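Good morning, and thank you for the time.

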Amino acid sequence: MEYKKINIKKGINLHYINTDKFKTNLIAVFLTTTIKREDVTKNALISAVLRRGSKNMKTQEEISKALENMYGASFDCGIDRTGKNQVLKFYIESINDNFLPNNKENLLKQSLERIFEIVFNPLIEENGFNKAYVNQEKDNIKNIIKSRIDNKARYAMDRCIETMYGKDGYGIFKYGYIEDLEKIDNINLYEQYQKLLNECKIDIFVSGKINEETLKIIKENENIKKLNERESKYTPTNLEKREIPKQEKNQTDSMQVSQGKLTIGLDIDIKNEDEKFDVLIYNTILGGSANSKMFQNVREKEHLAYVASSSYLRHMNNIFINCGIEIENFEKTVDIVRKQIEDMKNEEFSEEDIQNAKKVIISGIKSIDDEQDSGITYKFGQELSNMEISLEDYINRINKITKEDIIKIAKSVYINTIYFLKD
Amino acid sequence: MQVQENLKVKEKIYIEKLENGLTIMIIPKKGIQKKFVVWGTNYGSNDSEFIAPGEKSKTEVPKGVAHFLEHKMFEQENGTNSLDTLTALGVNANAYTTNDHTAYLYECTDNFYEALDELMDYVQHPYFTDENVEKEKGIIGQEIKMYDDYPEWKVYLNTLEAMYYNHPIKLDITGTVETISHINKDILYKCYNTFYNPSNMAMVVCGDFEPDEILLEIRKRLIEKESQGEIKRIYPEEPEKIVKEKVEQNMEVSQPIYTIGIKDVKPKEETKVKKHIAIEILLNIIFGKSSKLYKELYDNGIIYGGASLDYEFSRGYAHILITGQSKEPEKVYEKFKEEIKLLKKNGISEEDFERNKKMIYGEYIKEYNDVSDIARMFISDYFKGINSFDYLEEIQSINTGYLNDLLIDVFKEEKMVISIVKN
C-alpha cells in the first residue's frame, strides 16, 4: 500500500491510496466547510439536488442506468458533521477491471468522470438548478429531518448533543431545519452552491489499483480544471479551549417507546491534542469493550441492559454513554454509571485493563487499511486535524500510555448532560 | 482437502470434511492483516420441534432457545466468560442467531491462535446453571425490548405473520419475554447435545493462512466426539396461500414504513441459486433505481428513496420482501401490482435484463472485499446447501425466458401481502 497526497490547486487535494487488496476502486469527493446555522439546510439540500441530474446526465434514471451498465458501480452521497464542519460526501465504487468478464472497460476512468460530472457540473436552467428537482428534494430533506425520531437510540444521542451545545456549532443538526426550507428556491440554492464551491475545502480520494494514467485523468479532467484556487473556509478539528460547565444538565423527552434510551454526555478537560490518545484507552476501559466497566456492571452484574457502552467522539472531544433500560430503572442505572466514572477517578482499574484496552485499539488500527472506506476516513480525519501520523506511529503512541496518563484523564472527566428518552 | 478456484473473482476455497462430520472451509487472502473465523451450527430459531438422533419421540422446546443458548455458551465453569477472555486478547468476538443457524466468531489481527483456543474450548464446553440461566432472562428481555422499538423489525415480523400460518419463520428469533421464561438448563443441554455435534456444524476461516497449517491447528483443538445420526426436524405443514393481505401497526415514526411480501413455494435443491439470482434481477428491473416505477413514485413525491429488495429462503420457506418508507404505502402497493401486470403482458426487455445482469454480477464481486464478509457469506450459504461461488457461475445461465416464467410463477397477486407501520 502506498499513500500520496498531491496538491492540485490551493485548497484542493488529491489523495491516492494505491493498493491491490480489493476487488473494487473507491473514489470519494469531500466538500468541507464550517457548519453554520444559516447555510446548513441549503448545503444539505445541494447534495440531494446534485444527485438528481447533471449537465450531461440529466435525470436520475440516466445516472442509474449508466451506473448499472458499469457493472453496478454504486454512487452514494451523504452529509456529515465532523467537528465544527459540515461535509458533503460523494462516493463511487466500481469493480476493478481485473474481475470483469472482459477486461476492456476502464471502469476507473468512467467512475472518475461520472463523479466529477455529478459534483462539479450540475444541471443548470436559467441561472438556477432545475426547479422540479429542488422542490422534490425540499420535500425529501423535510422527510429526512423528520425521520430523526425513527431510530430512537440515535435520536437520544442527537438530543443529548443538542442539550450540551444548543443549536450552534456541534449542536447544529447536519441535515438542517424544516423552517429554513420555505425560503429556498432553485436560484438562491444555486448561488449557495457557487459560493460553497469557491470556498470549501476539496479533498478527492482514490483507493485501488492506480497508475500514472489515473493521475493524468484527474488532472486533465475539465471539471477539475475549471475549479478555482481557494482559501478554504473550514475549521480544523484540533482541540479547542472550552469552559467546563459547573452544573450538570438534565433533559428528558417523551415518546412512544417500549424501552428507555439513556445517553450521558461527558466533557474531558484536556489541554493537548496529544492527550486524545489517552482518552481512547480511558474510554475503552469505561465502556468501549465487553470487558469495560459499563458492560460488566450495567449488563453482566445488574442485568439492567442489553446495550451498555460508551464511545469517544474525537473531533468533539466528548464521550457518550448509551444504555437501553427499563424506564423505572433510570435512577438506578445513572447511579451505577456515576459509580463507574468515580471508580475510574479513584484509580480502580488494573494494569491488565490497560493492556487489554491497548490490544483492542491496536487491532483496530492495524485493520484500518484492510477496509477501503476506513482507509479513506482515517486519512481524511488526519487531513482535517492537520496531523499526519502513520499507523505505525499511532500504534507506538498507544503502547506508550501509562496508568498515570489514564488517571489524569479520569480526573478530568465531568458529566455534562444526562439525557433520557422515555414513554 | 478439496480445492476450488473461481476464475472470475480469482479466489480459492479449500474444503475438508473431517471424520467426525465437521466441515471446514478455508479461504486464504494473502497480504491482509485481518483474520476472521466463524464456527456455526445448523440450528436456528426455526428448529424448535425435532427428534434427536437415537430417540423415538419428539422434543418440543420454547421459542427462542437457539438464541438463548447462543448467549449462554460464553459462560465457563471456572467462572470466567469467554467473551471477556477473547476481548482481553484484543480480538473482536461476537455471536449471532438466525432462523436457520447459530454462529460464533471473532475478527483479529494478532493472537489468532490464542483466540482459537478459547473459541473452540467454549463452543465445545457448555456450562449452564439455574442461576446463570435466570440472569440472562433480564438481559435478553432488554434485547427483545430494543427490537420492539425498531420499526423496521416490527414491519418485517408483521409481514411474515401475514404470509405464514404455521411455519416458525414467522416468530421472533429471540422468542418473547413469556416464551423465554420457560427456558431452563435442562432444555439448553438437550438442544446443545442435539445440535452442537460436529456432524451438524461447519467452520469458515478467512485471512492470510496456509490451508494445511490452519487445518491442523483446528484439528488439534477438537475434542473427541463421534458423528451422530440424523436429526429429524419437524416443521408444521404450511399452506401455499397467505393468511391475510394487510397488517398495520402503530408506532411513533416520521413516515409510514411498509413491506410488501410475496409468499413463494419451498426452494428446490437444483434451482435455488439460479432462482435467487433471477429474482434479484427481476426485482431490480421492477423497482430498482432505474425503473419506471421508481421514477414515477419518486417524481410524485410518494417515495423519497430506494426500497430494499430481498429474496429470503431456507428450509421449508421462501419469500420476497420489498421494504421502504412512503407517505402512501397503499399507493406504492397498488402501483407495484400494476407494474407487474404490465410486465407480464409485455415481457422483460433484453436491454433491461442485460444491464441488471451486469449490475448483479458487480454486486457479487464486491462481496469479496472483506475477510469477514466473505466468511459470513460462505457459512450462511453453506447452511442453505449452497457454495457461494455458484452465484458467480449460475448468473450466466439466466435469460429473459426464465425471468418471464418466474414473473408468472412467483409474482402472483394472491400471494402478496403488505405490512405497514405508521403513526
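B:Val37 counts as buried because its relative accessibility is 0%, where buried means under 20% relative accessible area, exposed over 50% and partly exposed in between, with a 1.4 Å probe and protein chains only. Before going further, the conventions: this is a predicted model, in which local features need pLDDT of at least 70 and side-chain atom pairs count only at pLDDT 80 or more, while totals for chains, interfaces and linings use all residues. Residues are numbered from 1 along each chain as its sequence is written, chains are lettered from A and ligands numbered from 1 in the order in which they are written, and side-chain values use heavy atoms, with hydrogens and water left out.

Back to the valine. B:Val37 sits in strand β4 of chain B, residues 35-41; helices (H or I, at least four residues) and strands (E, at least two) are DSSP runs, numbered from the N terminus. What does B:Val37 touch, leaving aside residues up to four places away in sequence? Its partners are B:Tyr104, B:Leu105, B:Tyr106, B:Phe112, B:Leu116, B:Leu119, B:Met203, B:Val204 and B:Val205, contact being heavy atoms within 4.5 Å. By contrast, B:Asp186 is 149 residues from B:Val37 in sequence and 29 Å from it in space, C-alpha to C-alpha.

Let me turn to how chain B is divided. The domain assignment gives domain 1 (2-233) and domain 2 (246-422) of chain B, with bounds that come from an automatic or database domain assignment. Between the C-alpha centres of these two domains of chain B the distance is 28 Å. Domain 1 of chain B brings 50 residues to the contact, and domain 2 of chain B brings 42 residues. Together they bury about 3,900 Å², 69% of it from carbon and sulfur atoms; buried area is the accessible area (1.4 Å probe) that two parts lose on being put together, summed over both. On the domain 1 side of chain B, the residues that lose the most area to domain 2 are B:Lys8, B:Val155 and B:Met163, together 16% of what that side buries.

How many salt bridges are there between domain 1 and domain 2 of chain B? The count is four, a salt bridge being a side-chain nitrogen of Lys or Arg within 4 Å of a carboxyl oxygen of Asp or Glu. B:Asp100 and B:Lys384 also meet through their side chains in a salt bridge, at 3.3 Å from N to O. Across the interface of the two domains of chain B there are 16 residue pairs in polar contact, both residues at pLDDT 80 or more. A polar contact is a pair of N or O atoms within 3.5 Å; within protein, one must be able to donate a hydrogen and the other to accept it, and residues adjacent in sequence count only if both atoms are side-chain atoms. Among the elements that each supply at least two residues to the domain 1 side are β4 and α5 (151-163) of chain B, and α5(B) gives the most, with nine residues. By class, that side has 24 nonpolar, 14 polar and 12 charged residues. Here Ala, Val, Leu, Ile, Met, Phe, Trp, Tyr, Cys and Pro count as nonpolar, Asp, Glu, Lys and Arg as charged, and the others, Gly among them, as polar.

Chain A is divided into domain 1 (2-225) and domain 2 (249-422), and 30 Å separate their centres, taken over C-alpha atoms. The contact draws 37 residues from domain 1 of chain A and 33 residues from domain 2 of chain A. About 2,900 Å² is buried between these domains of chain A, with 70% given by carbon and sulfur atoms. The rule finds four salt bridges across this interface of chain A. A:Lys5 pairs with A:Glu383 in a salt bridge, the closest N and O atoms being 2.9 Å apart.

Finally, the two chains. Chain A gives 62 residues to the contact and chain B gives 58 residues. The area buried between the chains is about 5,400 Å², of which carbon and sulfur atoms give 49%. Eight salt bridges are found across the interface of chain A and chain B, and there are 40 residue pairs in polar contact, both at pLDDT 80 or more.
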